[in-house]
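Please read this report with the sequence and the model side by side. It goes through strand pairing, turn residues, salt bridges and a pocket.

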Amino acid sequence: MILIKISNASELVSFKFGGLVEKLTPDAIDNSAVEDFVIKRMAQDLSKEGVKGEIAVVNGLEVTEKKLLLGEDLKVRKQQSF
């Protein structure tokens with residue numbers, strides 16, 4: 001399993017759509033939009049290479065000091081097979 005944490009979602013939204021849009025949208029929406037874009041592109045690129053699998057966006061999961069922490073709000077927000 002591979003975990004990827006996107007830490008600059010607001011910056012990406014600001015860069016792609018302008019500072020005004022970034023200021024008007026909450027960080028949670030910025031994160032969701034960037035995560036959705038990333039998993040869509042990853043699925044496309046990996047399937048082109050012949051890789052089969054699944055990508056999921058999971059809320060409430062943190063990795064700190066080589067430990068996996070599960071929050072009370074743990075849920076799969078989006079899932080995509082390729």
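Two strands pair if DSSP finds at least two bridges between them. Helices (H or I, at least four residues) and strands (E, at least two) are DSSP runs, numbered from the N terminus. This is a predicted model: local features need pLDDT of at least 70, side-chain atom pairs count only at pLDDT 80 or more, and totals for chains, interfaces and linings use all residues. Residues are numbered from 1 along each chain as its sequence is written, and side-chain values use heavy atoms, with hydrogens and water left out.

**The strand pair**

Strand 1 and strand 2 run antiparallel, paired over ten bridges. Within this pairing, L61 faces L70 of strand 2. D73 also belongs to strand 2, which spans residues 67–81. D73 is in contact (heavy atoms within 4.5 Å) with N59 and G60, leaving aside neighbours within four places in sequence. The C-alpha atoms of D73 and N59 are separated by 7.0 Å, with the two residues 14 apart along the chain.

**The turn**

The hairpin of strand 1 and strand 2 has two residues between the strands. Most residues other than glycine have a negative phi. E65 is not a glycine, yet its phi is positive, at about 45°. K66 is not a glycine either, and has a positive phi of about 65°. Accessibility classes are buried (under 20% relative accessible area), exposed (over 50%) and partly exposed (in between), using a 1.4 Å probe and protein chains only. E65 is exposed because its relative accessible area is 76%. K66 is exposed too, at 86%.

**Salt bridges**

A salt bridge is a side-chain nitrogen of Lys or Arg within 4 Å of a carboxyl oxygen of Asp or Glu. The structure holds three.

| Salt bridge | N to O distance |
|---|---|
| E62 and K5 | 3.4 Å |
| R77 and E35 | 3.1 Å |
| R77 and D36 | 2.9 Å |

Take the pair of R77 and D36. R77 lies in strand 2 and D36 in helix 3, so the bridge ties together parts 41 residues apart in sequence. E35, D36 and R77 are linked in a network of salt bridges. How exposed are its members? R77 is partly exposed, at 28% relative accessibility. E35 is partly exposed at 23%, and D36 is partly exposed at 24%.

The side chains of E62 and K5 also meet in a salt bridge. E62 is in strand 1 and K5 in the segment before helix 1 (9–17), so the pair joins parts 57 residues apart in sequence. E62 is partly exposed, at 38%, whereas K5 is exposed, at 65%.

**The loop at G53**

G53 lies in the loop between helix 3 and strand 1. At 30% relative accessibility, G53 is partly exposed. Beyond four places in sequence, G53 touches Q80, S81 and F82. G53 and S81 are 5.8 Å apart, C-alpha to C-alpha, and 28 residues apart in sequence.

**The largest pocket**

On a 1 Å grid over the protein atoms alone, a pocket is an open set of points where a 1.4 Å probe fits, with protein on both sides within 12 Å along at least five of seven lines; lining residues have an atom within 4 Å of a point. The largest pocket is lined by 27 residues, with L3, I4, A56, V57 and V58 nearest its centre. Helix 3 (27–48) and strand 1 (54–64) are the elements that give two or more residues to this lining. Strand 1 gives the most, ten residues.
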